[in-house]
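This note is meant for a colleague who is opening the model for the first time. Please keep the sequence and the 3D view side by side while reading the points that follow.

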Amino acid sequence: MGRLIVCDHPLIQHKMTFIRDKNTNTKDFRELVDEVATLMAYEITRDVPLVSVNVETPVAVAECKVVSGRMVGLIPILRAGLGMVEGMLKLIPSAKVGHIGLARNPETLRPVEYYINLPTDATERLLIVIDPMLATGGSANAAIESLKNRGCKQIKLMCLIAAPEGVEAVQKAHPDIDIYLAALDSRLDEHGYIIPGLGDAGDRLFGTMHN
């Protein structure tokens, strides 16, 4: 069974308070999301495998550790997931970045993939699917399924905020996937918004209005 990890570091909790605040402007919101993504990147890469190498210090030869093999691929779900990529690249500059675009079918309300572009060696990397909000779980499940269908086996999901309904949906559809959150909220409202949440992450990141 995949793990559910809530990254409750004091700095993450502090920054999430201002991310939630409706009075936080677009510039500050974007910077805070970037900073939390960096802090979460530290946690989500905790179990990346290492190998030993010998390094010559000014004094002696030391046995040290480096990351083993090809490392990480970041896969933001468009568009809101883009807001967390730069923050992660600060900590993992060698990561490759792919993109998945999903749109909701107005009749079935199910996510439909309209764009995907993955690193050429995606199947050899740990892929981190990135989306600030895990509400119903529909988009996350569709993105994970799309990666699995292309032969990718090492996948994690990273979100700022989740509703229990979204977590349950991902765990049911993809029980092997680890889910990393900055906060687990109480529920979804009748419109599918996370309560208390932070509103629409894409609109707040890019300064647009939600239709």
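What share of the contacts in the protein chain with a separation of 6 or more is accounted for by residues 24 or more positions apart? The share is 62%, where contact means heavy atoms within 4.5 Å.

1. Basis of the note. This is a predicted model, in which local features need pLDDT of at least 70 and side-chain atom pairs count only at pLDDT 80 or more, while totals for chains, interfaces and linings use all residues. Residues are numbered from 1 along each chain as its sequence is written, and side-chain values use heavy atoms, with hydrogens and water left out.

2. The chain as a whole. The secondary structure of the protein chain comes to 6 helices and 13 strands, these being DSSP runs numbered from the N terminus, with helices (H or I) of at least four residues and strands (E) of at least two. The radius of gyration of the protein chain is 18 Å, close to the 17 Å that the globule rule gives for 211 residues, so the chain is as compact as a globular protein of that length; the radius is taken over C-alpha atoms, and the rule is 2.2 Å times the number of residues to the power 0.38. Along the principal axes, the C-alpha atoms fill a box of roughly 65 × 40 × 30 Å. Buried residues make up 45% of the 211 residues, where buried means under 20% relative accessible area, exposed over 50% and partly exposed in between, with a 1.4 Å probe and protein chains only.

3. The largest pocket. About 1,400 Å³ of space lies in the largest pocket. On a 1 Å grid over the protein atoms alone, a pocket is an open set of points where a 1.4 Å probe fits, with protein on both sides within 12 Å along at least five of seven lines, and lining residues have an atom within 4 Å of a point. Grid points are joined across faces, edges and corners, and the volume is the space filled by probe spheres set on the points. The lining holds 42 residues, of which R104, D131, A135, T136 and S139 lie nearest the centre.

4. Make-up of the lining. Among the elements that each supply at least two lining residues are β4 (72–78), β6 (99–104), β7 (111–117) and α6 (201–206), but the largest share, 8 residues, comes from α4. The lining divides into 19 nonpolar, 15 polar and 8 charged residues; Ala, Val, Leu, Ile, Met, Phe, Trp, Tyr, Cys and Pro count as nonpolar, Asp, Glu, Lys and Arg as charged, and the others, Gly among them, as polar.

5. S139. This residue lies in helix α4 and, at 29% relative accessibility, S139 counts as partly exposed. Not counting residues up to four places away in sequence, S139 touches I77, L102, P111 and D131.

6. I128 lies in strand β8 (residues 126–130) and is buried, with a relative accessible area of 0%; beyond its neighbours within four places in sequence, its contacts include I44, V72, L74, M88 and M158. D34, in helix α2 (residues 26–44), also counts as buried, at 13% relative accessibility, and D34 touches G83, E86, G87 and K90 when residues up to four places away in sequence are not counted.

7. D185. In the loop between β11 (178–184) and β12 (187–188), D185 counts as buried, at 8% relative accessibility. The side chain of D185 makes a polar contact with the side chain of R20 at 2.7 Å; such a contact is a pair of N or O atoms within 3.5 Å, and within protein one must be able to donate a hydrogen and the other to accept it, while residues adjacent in sequence count only if both atoms are side-chain atoms. Leaving aside neighbours within four places in sequence, D185 is also in contact with residues including I161, P164, I194 and P196.

8. Two peptide bonds to inspect. Most peptide bonds are trans. The bond from L78 to R79 is cis, with omega near 0°, and R79 lies in the loop between β4 and α3 (85–91). The bond from I195 to P196 is cis, with omega near 0°, and P196 is placed in the loop between β13 (194–195) and α6.
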